Amino acid sequence: MSKEKVLTETEIENIKTVRDDFQILVGNVGEVEVAIMNLNKKKKELEKELELIQDKEKEIAINLEKKYGKGNISLETGKFTPIE
């Protein structure tokens, strides 16, 4: 059997430093993953909101077309110009 050898204080400190750095990195990666999950959740919520706005826009366009026919609307003047 071989005899045990004792590491130097510097070697032990180097190992501890690397281990501590690794633990910090793992914690940071976890925080980033949680942030990504939260951002993905927010993105889905915003996508749903966008769909609702687009549906509302379509509904308004359909109603205006039924009322006035096809044409262009100036939001500045409020005037409707039919397309001939």
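This note sets out points on the fold, the surface and the largest pocket of the structure.

1. Basis of the model. The model is predicted, so that local features need pLDDT of at least 70 and side-chain atom pairs count only at pLDDT 80 or more, while totals for chains, interfaces and linings use all residues. Residues are numbered from 1 along each chain as its sequence is written, and side-chain values use heavy atoms, with hydrogens and water left out.

2. Elements. The protein has one helix and two strands, in the order α-β-β from the N terminus on. Helices (H or I, at least four residues) and strands (E, at least two) are DSSP runs numbered from the N terminus.

3. The helix. H1 holds 60 residues, and 86 Å separate its first C-alpha from its last, close to the 88 Å expected at 1.5 Å a residue; the expected span is 1.5 Å times one less than the number of residues. Gly69 follows H1 and has a positive phi, near 85 degrees.

4. Overall dimensions. The C-alpha trace spans about 100 × 25 × 15 Å along its principal axes. The radius of gyration of the protein is 32 Å, whereas a compact globule of 84 residues would have a value near 12 Å. This radius is taken over C-alpha atoms, and the globule rule is 2.2 Å times the number of residues to the power 0.38.

5. Surface. Buried residues make up 0% of the 84 residues; buried means under 20% relative accessible area, exposed over 50%, and partly exposed in between (1.4 Å probe, protein chains only). The accessible surface comes to about 8,500 Å², and 58% of that belongs to carbon and sulfur atoms. Areas come from the Shrake-Rupley method with a 1.4 Å probe, and for residues only the protein chains shown count as cover.

6. Two residues. Asp21 is found in helix H1 and counts as partly exposed because its relative accessibility is 45%. Its C-alpha atom lies 21 Å from that of Ala35, 14 residues apart along the chain. Pro82 belongs to strand S2 (residues 80-82) and is partly exposed, at 47% relative accessibility. The C-alpha atoms of Pro82 and Val6, 76 residues apart along the chain, are separated by 92 Å.

7. Largest pocket. The largest pocket holds about 180 Å³ of space. A pocket is an open set of points on a 1 Å grid over the protein atoms alone, where a 1.4 Å probe fits, with protein on both sides within 12 Å along at least five of seven lines; lining residues have an atom within 4 Å of a point. Helix H1 (9-68) and strand S1 (71-73) each supply at least two lining residues, and H1 gives the largest share, five residues. The lining includes Glu57, Lys70 and Phe80.

Notes:
Points joined across faces, edges and corners; volume = space filled by probe spheres on them.
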